[in-house]
Amino acid sequence: MPAARADRRFRPHQHLRRSRDFQTVRQNGRRINCGVFLFQVRVREDEAAKIPGPRLGVITSRRVGPAVARNRLRRQMREIFRHHQDKLDSAVDLVLVMRASAVSVASAELEARFLKAIDKSGTG
């Protein structure tokens with residue numbers, strides 16, 4: 001596997017998993033409304049900053065649609081994150097809250113909105 005490709009993987013330590021991590025980003029992070037999703041970002045500090053690379057969590061409630069649609073959206077957003085994680089600071093946590101309207105949006109449009117949010121957030 002080439003070195004450039006290995007760096008773009010979405011590693012297990014890049015997943016936001018704990019409820020406490022999600023709450024911290026949602027309460028203390030910066031919010032950017034992207035229309036079809038809410039982009040929330042927080043710069044990690046102290047011991048959490050030692051974790052290498054940016055971390056991502058995607059929230060898709062049942063309002064978004066059936067499980068197939070929710071999981072598809074999660075996969076799409078993880079893939080967009082994976083391709084553009086080098087544009088983010090290494091000590092950043094992201095939470096994306098998906099809205100029901102995101103189901104009908106093309107992947108290219110989701111990607112464009114994600115990149116615009118990175119620019120707005122100032123974490124890139």
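Reader: Let's start with Gln 14: is Gln 14 buried or exposed?

Author: Quick note first: this is a predicted model, where local features need pLDDT of at least 70, side-chain atom pairs count only at pLDDT 80 or more, and totals for chains, interfaces and linings use all residues. Residues are numbered from 1 along each chain as its sequence is written, and side-chain values use heavy atoms, with hydrogens and water left out. Buried means under 20% relative accessible area, exposed over 50% and partly exposed in between, with a 1.4 Å probe and protein chains only. Gln 14 has 4% relative accessibility, so Gln 14 counts as buried.

Reader: Which side chain makes a polar contact of 2.6 Å with the side chain of Gln 14?

Author: Gln 14 sits in the loop between helix 1 (3–7) and helix 2 (19–28); helices are DSSP runs of H or I with at least four residues, strands are E runs of at least two, and both are numbered from the N terminus. A polar contact is a pair of N or O atoms within 3.5 Å; within protein, one must be able to donate a hydrogen and the other to accept it, and residues adjacent in sequence count only if both atoms are side-chain atoms. A polar atom of the Gln 14 side chain lies 3.3 Å from the backbone oxygen of Pro 54. The partner at 2.6 Å, side chain to side chain, is Gln 85.

Reader: Now Asp 93. What is its relative accessible area?

Author: Asp 93 lies in strand 4 (residues 92–98). Asp 93 is buried, and the relative accessible area is 3%.

Reader: Which side chains have polar contacts of 2.7 Å and 2.9 Å with that of Asp 93?

Author: Leaving aside neighbours within four places in sequence, Asp 93 has contacts (heavy atoms within 4.5 Å) that include Leu 16, Val 25 and Gln 40. For the polar ones, the 2.7 Å contact is with the side chain of Arg 44. The 2.9 Å contact is with the side chain of Arg 55.

Reader: Where is Val 25, and how far is it from Val 97 in space?

Author: Val 25 is in helix 2, and 1% relative accessibility makes it buried. Not counting residues up to four places away in sequence, Val 25 touches residues including Leu 16, Gln 40 and Asp 93. Val 25 and Val 97 are 72 residues apart in sequence, and C-alpha to C-alpha the distance in space is 12 Å.

Reader: Which side chain makes a polar contact of 3.2 Å with that of Gln 40?

Author: Gln 40 belongs to strand 2 (residues 37–43) and is buried at 0% relative accessibility. Among its contacts, leaving aside neighbours within four places in sequence, are Val 25, Asp 93 and Val 97. The polar contact of 3.2 Å is with the side chain of Arg 26.

Reader: Zooming out, what pattern does the protein follow along the sequence?

Author: There are four helices and four strands. Read along the sequence, they give α-α-β-β-β-α-β-α.

Reader: And what is the radius of gyration of the protein?

Author: It's taken over C-alpha atoms, and the globule rule is 2.2 Å times the number of residues to the power 0.38. For 124 residues, a compact globule would come out near 14 Å, and the protein agrees with 14 Å.
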